[in-house]
Amino acid sequence: MAETDSRKTIVLTGASRGIGHATVKRFSREGWRVITCSRQAFAEDCPWPAGPEDHIKVDLADQEDVGIAVSEIRHRLEAHGGQLHALVNNAGISPKLRTGSRMDSIETPMHVWRDVFQVNFFAPIMLARGLFKELAAAKGSIVNVTSIAGTRVHPFAGTAYATSKAALGSLTREMAHDFGPHGIRVNAIAPGEIDTAILSPGTDKIVETIPLRRLGATSEVADIIFFLCSGQASYVTGSEIHINGGQHV
Ligand SMILES: NC(=O)c1ccc[n+]([C@@H]2O[C@H](COP(=O)([O-])OP(=O)(O)OC[C@H]3O[C@@H](n4cnc5c(N)ncnc54)[C@H](OP(=O)(O)O)[C@@H]3O)[C@@H](O)[C@H]2O)c1
């Protein structure tokens, strides 16, 4: 058997930037096969050594496209024993007003609510259900990326974003209950202010009030995602870990 066949496999959405990119690096360092998902096709000049066979081009805002991606992922896993050890639902969108400020519950257009819920909430459950058989075969684990904005009003994160993340937090609990008897653990991580492109101007003001007085690094989030997918977290399911320097206290 080829050496690659013995590697554990993770499917990771939103792998191209920020927290997702750090997560690709962390799992690769640990010898995992990382199947990345994003809207961009695999760029031939990309320095990532895995190649196009480990990349899926998918627009998570499009339900039909998600269905096609699930079939394609299953097909690719089949060639490697039909097992999936981890699914990390990391991709997320957080639309803001043109000025960069928060979209509130009075003004947010319905099409924005729909897109946000499709990417942040429906895509994770569609992927988890679609890849259920492969996750069960590996006794794998799912990590849903929620947000500190899911449990309190945030100065920049919009209302559609916040409620989609709250729903994803609740879904994590429901999934842990339903997937657990099949040997699949389901957890969430709730980042606070992590140094990525999703942050708004003015975040430095928030940071002044965070107990640890700094932004989080993407690698610090990737470390917790890796921990939750590892055997070290084998009795952890239905949890949501806060990664925010104490911002929630
Ligand atoms: N950074 C923070 O402080 C923070 C705080 C709380 C929660 N979070 C959560 O952490 C996760 C990652 O955040 P981040 O800051 O790393 O975000 P980011 O830098 O904005 O990256 C977002 C990722 O999601 C992908 N994506 C967006 N829309 C997509 C779509 N329709 N289809 C497929 N992929 C899509 C993007 O890929 P392409 O554009 O290449 O397709 C990109 O890889 C998100 O769920 C976010 O809500 C972040």
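Predicted model: local features only at pLDDT ≥ 70, side-chain atom pairs only at ≥ 80, totals over all residues.
At 54% relative accessibility, Arg213 counts as exposed, where exposed means over 50% relative accessible area, buried under 20% and partly exposed in between (1.4 Å probe, protein chains only). Arg213 is placed in the loop between helix H6 (203-207) and helix H7 (218-229); helices (H or I, at least four residues) and strands (E, at least two) are DSSP runs, numbered from the N terminus. Although Arg213 is not a glycine, its phi is positive, at about 55 degrees.

Residues are numbered from 1 along each chain as its sequence is written, and side-chain values use heavy atoms, with hydrogens and water left out.

Lys139 also has a positive phi, near 50 degrees, and is a residue other than glycine. The loop that holds Lys139 runs between helix H4 (132-138) and strand S5 (141-145). With a relative accessibility of 59%, Lys139 counts as exposed.

Buried positions can be visited next. Arg33 belongs to strand S2 (residues 33-38) and, at 3% relative accessibility, is counted as buried. Along the chain, Arg33 and Leu131 are 98 residues apart, and 16 Å separates their C-alpha atoms. His85 sits in the loop between helix H2 (63-78) and strand S4 (86-89), and its relative accessible area of 16% makes it buried. The His85 side chain makes a polar contact of 3.4 Å with the side chain of Gln83. A polar contact is a pair of N or O atoms within 3.5 Å; within protein, one must be able to donate a hydrogen and the other to accept it, and residues adjacent in sequence count only if both atoms are side-chain atoms.

Oxygen atoms of the ligand lie 3.2 Å from a backbone N or O atom of Gly14, 2.8 Å from a polar backbone atom of Ile19 and 2.6 Å from a polar side-chain atom of Tyr161. Of the 890 Å² of accessible area that the ligand has on its own, the protein covers 96%, with areas taken from the Shrake-Rupley method with a 1.4 Å probe.

The ligand takes up the space of the largest pocket. On a 1 Å grid over the protein atoms alone, a pocket is an open set of points with protein on both sides within 12 Å along at least five of seven lines; a molecule sits in a pocket if more than half of its atoms lie within 2 Å of its grid points.

Aromatic rings complete the picture. Rings of Phe, Tyr and Trp (its six-membered ring) pair if their centres lie within 6.5 Å, and planes under 30 degrees apart count as stacked, over 60 as edge-to-face and the rest as tilted. This rule gives 6 aromatic pairs. The planes of Phe121 and Phe122 stand at 70 degrees with ring centres 5.2 Å apart, so this pair is edge-to-face. Phe121 is buried at 16% relative accessibility, whereas Phe122 is partly exposed at 37%. Phe27, Trp32 and Phe226 form one aromatic cluster.

Notes
1 Å grid on protein atoms, 1.4 Å probe; cavity = no way out; pocket = protein on both sides within 12 Å on 5 of 7 lines; lining within 4 Å.
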